[in-house]
Amino acid sequence: MDVVTDIIAWKRDGHELDAERLTAFVGGVVAGSIPAYQASALLMAIVLRGLSPAETVDLCRAMVASGKTLDLSVIGRPVLDKHSSGGVGDKVTLVLAPLVAACGAVFGKMSGRGLGHTGGTLDKLESIPGFKVRLPQGEFLRQLERIGVAVVSQGERLVPADRILYALRDVTATVDNAGLIAASIMAKKIASGTAAIVLDLKVGDGAFMRTLEEARSLSRLCREIGAAFGRRVTCFFTAMDAPLGRAVGNRLEVEEAWDVLSGAGPDDVREVTLTLAGALLALSDLGVDETEGRRRAEAALADGRAAGMFERWCLMQGGRWQPGVFNRLAGVEVKAPRAGYVTAIGAMDVGRAAQTAGAGRQKVDDDVDPAAGVVLARGVGNAVATGDLLATVFARDAARRSRAAEVLAGAFAIGDALPPERALVLGRE
Ligand code: URA
């Protein structure tokens with residue numbers, strides 16, 4: 001086997017890495033025999049030279065093999081999963097998970113924590129008092145059998161290579177590579193044992209992928225990995241130029257998810273959720289197509305079954321869910337500086353404002369404030385008069401509130417003309 005410098009040089013010079021080299025690299029990183037500086041050098045060579053689809057599949061395979069894998073066959077039914085590439089105000093999993101279970105399918109997800117300007121599902125769930133996201137494996141399986149829904153934190157033993165490599169990528173400017181991202185996302189999905197996955201790839205200012213083209217190349221790689229492992233994968237591309245819904249911040253987003261579960265809530269959150277629900281149900285063993293899947297999901301939102309399943313789910317994971325009951329923080333209002341139409345609400349700026357308010361992390365071990373965040377009062381296309389309320393930012397102390405309000409004010413663009421209608425679902429594969 002090549003020594004590590006040969007593997008780095010091989011990629012540096014533009015050659016393809018075979019499975020043997022990639023396995024040696026991943027194994028060495030996890031065992032600690034390849035130091036961070038050599039791992040980082042190879043990551044940078046990969047970013048500069050790219051990864052072919054075959055290399056991406058082999059890297060993913062080596063990452064899956066770096067730890068334990070979960071066998072979900074004891075459930076006796078396909079377990080469905082959904083992954084979002086990360087967006088601002090993206091609370092879709094909170095609605096989708098109980099919704100799919102309420103329709104009779106099984107939804108099991110191992111989730112990560114949010115870092116940067118986008119929030120993580122686990123932080124949102126933990127804003128419900130008592131909600132436990134660390135479940136022993138046996139409990140995770142039993143819960144899937146009993147109620148058909150569980151969302152938990154990913155155990156330390158699954159894909160340890162990703163934790164090490166992701167932390168290195170984060171500090172060496174090597175996150176942005178479709179092959180590395182696809183292998184990272186899919187290794188966790190493959191190791192957690194789910195049979196079918198719907199990927200919601202966010203596109204726009206607030207997302208990893210700024211263009212549809214970039215998202216399409218990630219989709220191709222993820223589907224290629226899915227095929228190599230016998231997992232069914234459907235990808236959607238959805239807009240992330242503006243935040244999804246009106247609430248950004250952990251508990252604020254759970255409240256909005258509850259509105260959607262109760263048959264109300266913002267149209268965009270509802271639309272993305274129903275689109276993904278239709279696709280997931282079509283990948284289940286219920287024998288429905290996407291149209292029928294969506295129809296069943298709409299019915300479950302309308303007749304209270306989805307909301308009822310959310311309550312059962314919270315209870316099973318120890319959460320004491322009481323809508324509207326939480327420690328509200330003081331808010332600062334951001335007002336319209338002029339009259340006109342709201343032409344844009346920058347997702348990245350809103351995400352940063354929420355993060356500044358305390359809703360997100362700057363570093364992996366930062367605490368998040370469950371009640372902090374932003375609530376938008378106006379959406380893109382709304383008419384405003386000078387001084388109208390645009391948004392409110394909630395934070396625990398005055399200094400954070402005023403810093404966050406400044407960032408938030410910069411998110412809004414107001415113009416004279418009504419902006420063109422935005423498409424929400426940009427495509428699928
Ligand atoms: N999400 C992941 O899980 N991994 C990446 O590399 C990027 C986004």
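**Close-up views of a predicted model**

Helix H9 gives the ligand's shell its largest share, four residues. This is a predicted model, where local features need pLDDT of at least 70 and side-chain atom pairs count only at pLDDT 80 or more, while totals for chains, interfaces and linings use all residues. Residues are numbered from 1 along each chain as its sequence is written, and side-chain values use heavy atoms, with hydrogens and water left out.

**View 1. Who sits around the ligand?** Look for Tyr166, Arg169, Ile181, Ser184, Ile185, Lys188 and Phe208; to be near the ligand, a residue needs a heavy atom within 4 Å of it. Helix H8 (160-171) and helix H9 (178-191) each bring at least two residues to this shell. Helices here are DSSP runs of H or I with at least four residues, numbered from the N terminus. Sorted by class, the shell has four nonpolar, one polar and two charged residues. In this sorting, Ala, Val, Leu, Ile, Met, Phe, Trp, Tyr, Cys and Pro are nonpolar, Asp, Glu, Lys and Arg are charged, and the others, Gly among them, are polar.

View 2. Arginine 169 puts a polar side-chain atom 2.9 Å from a ligand oxygen. An N or O atom in the side chain of lysine 188 lies 2.5 Å from an oxygen of the ligand. Serine 184 has a polar side-chain atom 2.6 Å from a ligand nitrogen. On its own the ligand exposes 230 Å², and the protein buries 89% of that (areas by the Shrake-Rupley method with a 1.4 Å probe).

**View 3. Serine 127 in its loop.** You'll find serine 127 between helix H6 (121-126) and helix H7 (137-147). Serine 127 counts as buried because its relative accessibility is 8%; buried means under 20% relative accessible area, exposed over 50%, and partly exposed in between (1.4 Å probe, protein chains only). A polar atom of the serine 127 side chain is 2.6 Å from the backbone oxygen of lysine 124. Skipping residues up to four places away in sequence, serine 127 touches Asn250, Arg251, Val254 and Pro370 (contact means heavy atoms within 4.5 Å).

**View 4. Arginine 216 on helix H10.** Arginine 216 belongs to helix H10 (residues 212-228). With 23% relative accessibility, arginine 216 counts as partly exposed. Leaving out neighbours within four places in sequence, arginine 216 is in contact with Phe237 and Glu429.

Notes
A polar contact is a pair of N or O atoms within 3.5 Å; within protein, one must be able to donate a hydrogen and the other to accept it, and residues adjacent in sequence count only if both atoms are side-chain atoms.
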